[in-house]
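Biologist: Please show me the sequence and the structure, and then let us discuss the model by question and answer.

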Amino acid sequence: MAVIPLAQAINQALREEMRRDDRVIVMGEDVGRRGGVFLCTEGLYEEFGPDRVIDTPLAESAIVGVALGMAIYGLRPVAEIQFADFIYGGFDQIVSNIAKIRYRSGGQFSAPLVIRAPYGGGVKGGLHHSQSPEAYFIHTAGLKVVIPSTPYDAKGLLISAIRDEDPVIFFEPKRIYRSVKGEVPEGDYTVPIGVSRLVREGSDVSLITYGAMVYECEAAAEKAEKEGISVEVLDLRSLLPFDGEAIIKTVRKTGRPIIVHEAPKICGFGAEIAAFIAEREILSLQSPIIRVAGYDTPFPLVHEHLYLPNERRILDAIRKAISF
Amino acid sequence: MSIIECAMGAFQIISLDGSADEEHLPELSTSQMLKMYRDMVLARRLDSWLMRLQRMGRVAIHAPSEGQEAAMVGSAHALETEDWVFPSYREMPVYIARGVPISELLNRQFSNEEDPLHGHDMAVYGSRRYQIIPAPVPVGMQIPMAVGFAMAAKYRGEKAVAITYFGDGATSKGDFHEALNFAGVFKAPVVFFCQNNQYAISCPYSRQTATKTIAEKAVAYGFEGVWVDGNDILACYSATKRAIEKARRGEGPTLIEAFTYRLGPHTTADDPSRYREQAEVEKWREKDPIARFKRFLVRRGLWSEEDDAKLYEEIEEDIKREIEQAERKQPLRPDVIFADVYGSEPWHLAEERDELSRLI
């Protein structure tokens, strides 16, 4: 089986879905001749031409609003927002229109479309190339929100997203686009939306995470192991809907949940997971629920390695949980 | 009829006195014209009933279309059945002209068990069968959708054209400009139909733009803008017909500005006496689009006062009967609030739905 980077797995998913289904259209800024600024759409323009790989004007609201019109017609558009930081220009269309069209039409119309956007820090990108805006969308009924962390999942989840009957916001952890490589089968397979992945089994502490933070958590778990602490790592993969059963299972097992994400802590997705655990499994807890998150500042250009959760901060949280 | 040609004034076929510019008369049969007249009257009467029903607390809210019937009925009659409509929230006359039975509109207004929107929004109406997308309440949001739909139809090689309706207020929004720009770049088969009714709630036209017309904005996006008398049904019909046929031929989008006036309030929740003089309203009542078309029909011997009285009577009876029937139908079930969120229900909604059914 071929070992390829995450970005290439995305490319493969798009290519195979476009070959399989002529309703699939790719659109966005620089997705055509340039192949996307991160090359996720490389080669698609050459294979499928300008009618299916559409270089659009630089206008985020129209990119997603036009994609909605195409989806209503019966196409399966995959719109790329060049950086998740630019998605706010299309926010109104996404939360008021795309997310609501099924509901407000009494189920007569729907928006089977995907909005792909590279998100997250660790690329020295500064304020407007590094943010993690997932919480804004998880708060919106009608959307699905997915974040893969491996090439295998990236391809399988993107194929699921394209075939889904509802709109999917697909955030891609750009810092691991090339650095993370993995085995990806050629051809058709899917990873279901709403199901998490157990990255590593353990019995003392649960790290509940997603995206590029999976790798920081794995590294911290390795270190903790050397201190005699057995750490479980759960990669949520889907944030809306999220895998509640798997969270309950790991919390019952370890009694010490720690939620790790890059996005700022206040009202970040960790708050939802913490409340979910507190509402249902408070008697299983052996320590407080801890969140390790980006700080509640704008994303800094300098010292981003200190802003982002890292092995050291996660390890510190693990020790706190154990010594409670 | 282009923006340059009509620089001296909006395109008009029927004068206030009902006389017509014979050279520009569209090819319409007598029965078509009488149908258009009937649709205007029906829209006006139903509009008036909905205002009253809201005052009586029997329907939630209504955005009246009084005074704008020519723009809406005229343009909608220029569409073919294969075309798609992306309206804003004031377009009830368009639905009537599109053939939607008033029983359906009233099921929606009363949010009864047959409400096609399942009680999920107050947008006037929406229907896959009549190819009408329910209007989003945030202003202008339907404009990029219409462009995307048109681009998809073009990609599929189909002849469907999308028409989108919006007001002068929407032209201040980014979505209007982004959508027109897309349509120009991709030569999308779409018609942008702006009803400039001169008010965005209380703010007059002069607070939306410094340009004399909205039509001229099309020039900046590389396609044609047309300025028509929005109270002249035949001018609105002709301009739209021409734009639709042009789009169908693959010659791209058109922006039509129908210059008209909102005689009523913005919605049932508005009080226009706070921001405009009654004299201004009276001046526009003299340009009433229904009275003007009637004068035209009477002048040509196609209509009489007796016909008119009969029509009003018949429509009044129809509306009263349909209101009674719509009000008699069952209300929607409480768990309808959980319907249509997703194609298949995720676990967290199933849990919330169970909680609701346990508590009621």
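**Interface and chain B**

Modeller: The contact (heavy atoms within 4.5 Å) takes 46 residues from chain B and 48 residues from chain A. This is a predicted model, in which local features need pLDDT of at least 70 and side-chain atom pairs count only at pLDDT 80 or more, while totals for chains, interfaces and linings use all residues. Residues are numbered from 1 along each chain as its sequence is written, chains are lettered from A and ligands numbered from 1 in the order in which they are written, and side-chain values use heavy atoms, with hydrogens and water left out.

Biologist: How much area do chain B and chain A bury between them?

Modeller: The size of an interface is often given as the accessible area lost when the parts come together. Buried area here is the accessible area (1.4 Å probe) that two parts lose on being put together, summed over both. Carbon and sulfur atoms account for 63% of the area, and the total for the two chains is about 3800 Å².

Biologist: Which residues of chain B lose the most area to chain A?

Modeller: Three residues together make up 18% of what the chain B side buries. They are B:Tyr155, B:Phe182 and B:Tyr342.

Biologist: Which residues of chain B does A:Ala141 touch?

Modeller: A:Ala141 lies in the loop between α6 (134–138) and β6 (144–146) of chain A; helices (H or I, at least four residues) and strands (E, at least two) are DSSP runs, numbered from the N terminus. Not counting residues up to four places away in sequence, A:Ala141 touches A:Ala99 and A:Lys100 in chain A, and in chain B it touches B:Val341 and B:Tyr342.

Biologist: Is B:Lys294 buried or exposed?

Modeller: B:Lys294 lies in helix α9 (residues 289–299) of chain B. Leaving aside neighbours within four places in sequence, B:Lys294 is in contact with B:Tyr37, B:Trp303, B:Glu305 and B:Asp308. Buried means under 20% relative accessible area, exposed over 50%, and partly exposed in between (1.4 Å probe, protein chains only). The relative accessible area of B:Lys294 is 17%, so this residue is buried.

Biologist: What share of the residues of chain B count as buried?

Modeller: The secondary structure of chain B comes to eleven helices and seven strands. Its radius of gyration is 21 Å, close to the 21 Å that the globule rule gives for 360 residues, so chain B is as compact as a globular protein of that length. That radius is taken over C-alpha atoms, and the rule is 2.2 Å times the number of residues to the power 0.38. Of the 360 residues, the share that count as buried is 58%.
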